[in-house]
Every structure is written in structure tokens, then in C-alpha cells.
Amino acid sequence: MTSFHTDYSAHVRPIAVVQILSIEQQERAHVDQCCARRQARFVWIYKLETVLKPLIFSALLAGFPFTAIAEPLYPNSVASNDLDFILPDDPGACWSIAASGRGRTEMYDPRRDALFTEGAFHFDVTFPDQRIRINVHPGVGNPQQRAREAAASVSRLPTQMRNALKHVNILDGDGAAWEESLGGFFTLYDELMTRRLAEHDLDETVFHESAHVALDPMFSGDRDWRSSQAKDRDFITQYAADKPNKEDIAESALFVWTMLHHPGRLPADVEAAVRDTIPNRLEYLSNMMKGYEPPSCS
Ligand SMILES: [Zn+2]
């Protein structure tokens, strides 16, 4: 876990304005001893501040690049912190699962550069409004259990995000989760699931990959999203900062969703830091996800 700055409000204060005020304060402190020339200088600086202050704030709002003060909160949203964004007993949509055979299946494995897997297990997960196929590699020790674990996490997604999914692939061995938004799917790995479940992060991993599938195509090219990114001046995680076009929505959405629908679940200093670091993206994604109700089975 990375170091965490709790005092972001201090970090985002514009340096240039603070410097001008301190010059002014210095001048005020010495004004009694001043000769007329220094008094004239004080008046000039005071006028300069009066003129510059609004200009500086305008420049800040326009994204002028001289005060990148806030810092990402964590290296990444899912695995580099102990935050519980989604809890195992959070309600999910009703679902049932049924084995539906096995066979040669398109489920790309980047480690082997293999597009098809022979003898993959198929499971159909049925929700009231949707059916999703989960394909499991035959090298996975307990395919049915893995399919059930993945299905449980998918059931806890916001309904609108789940609806964007067509299938989930679970490969053998280990690897980093990845997705293909055009194909409407994401890929997990057997050993990755073991780790994520042990760390209570499988739901967050599924949320992150599903955000790529469901949210990126809608929002990543939106001018309002782009301008929100520019105004905020920093990123929620280093991963988002490193890949702003690819990872920022998925990284930010997990924080926004949690703060929107489970206020107070994240520690107060984390919520405050999110508000300080990405206020415009918080507002943008909150507006976009306002109608995304947490799922329930009732
Ligand atoms: Zn990602």
C-alpha cells in the first residue's frame, strides 16, 4: 500500500497566489520603515496582485500547467489498497448457473497467442434480464466453482454495466485480467482469482474490467469527460495517470460508484481526497451513473 496524503486541500492551493500574498505581507511588515519609493513599490505589488489573482485562477481553471500539486491516491484502484469498495454480502441480481457442455471455444490466451481452447467448459448464467456465458479453460482445477465465483461478482455489478457483458473467460494458470470492450467480455485467470478472492478484490477486478466494456465506449471520447480530466489536473491512481485514455474511467468509476451509492463506506479522508483530486470527474461520473442503481434480488 502506498503512502496516503490526507491533506489534499493544502496541496491544491495555487502556489503562485501564495507567493504573491507573501510578498505583499513582507511589504506590509516593513511599510512603517518605508521610504516613499518602497511605499510606491508596495502599491505596485498590491495592484499587480489585484490584476494577477483573477488571471491566475482563470489559468488554473483553464488547465494552465504550472501547478500540478495533487497526487494520485494509490498506484491502482483494485489491488494496491485495503479499501472494500464492494462487499461480498452486497445484494446482487438474482442468478442461476447451469453447465451447458464443453468444446472448442474462442477464448484468446495471450501467453500462448492461441485464439481457441479445446475442451473448454461452458456455463450459462441466467439473470432475470440477461444470460451470460462463462467459458472455463479445461486446465482449471474446479471449473464449476470458478464459474460460480465469477458469476457472483458479475451479479453485484450495476445492472447497466452487467448488461454490456456478453461472456466471461477464465483461463488456467496466472495472468493479469484484461478485457475486450468490442467483444463485450473480460478474461480472468485461475490463480488470479485465488489471489483476488483471498484479498477480497475479485468484485473490484470484475467491476474494473466491466467498466472498460460498459463505460469506456460511451464516455472516453466525450468532450465533457475530456474537459473534466483537464480541469482536475491529477488522477485518482498512478495507473490512471500513466494511461489516461485507457484506464482513467475504469479507475475513477470504482471510487465514484462507491461514494455515490455507499457514502461513508470509504474512509472519510479517502472520500475527501477523491473530492480534492478529481472533483470534476467525480461530478461527471456521478451524473452519468446516477441512474445506475445497485442490483438486488427481490
Ligand atoms: Zn483496466
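Predicted model: local features only at pLDDT ≥ 70, side-chain atom pairs only at ≥ 80, totals over all residues.
Local features require pLDDT of at least 70 and side-chain atom pairs pLDDT 80 or more, whereas totals for chains, interfaces and linings use all residues. Residues are numbered from 1 along each chain as its sequence is written.

Helix α13 spans residues 279-288, and Arg281, Leu282, Tyr284 and Leu285 in it are buried (20 or more other C-beta atoms within 10 Å of the residue's own, with C-beta atoms placed from the backbone). Helices are DSSP runs of H or I of at least four residues and strands runs of E of at least two, numbered from the N terminus. Viewed down the axis of α13, the buried residues fall within an arc of 165 degrees and so line one face of the helix; the arc is that of the directions from the helix axis to the C-beta atoms.

Helices α11 and α13 pack at an angle of about 70 degrees, with their axes 9 Å apart; axes are lines fitted to C-alpha atoms over the stretch in contact, and angles run from 0 to 180 degrees between N-to-C directions. α11 is therefore roughly perpendicular to α13 (65 to 115 degrees). Ser252, Ala253, Val256 and Leu260 in α11 meet Arg281, Leu282, Leu285 and Ser286 in α13, contact being defined by C-beta atoms, placed from the backbone, within 7 Å.

Thr126 is found in strand β2 (residues 114-127). Thr126 has 14 other C-beta atoms within 10 Å and is therefore partly exposed, the class between buried and exposed (12 or fewer). Residues up to four places away in sequence not being counted, Thr126 touches Trp95, Ser96 and Arg131.

How values were computed. Parallel < 35°, antiparallel > 145°, perpendicular 65-115°, else oblique. Contact = placed C-beta atoms within 7 Å.
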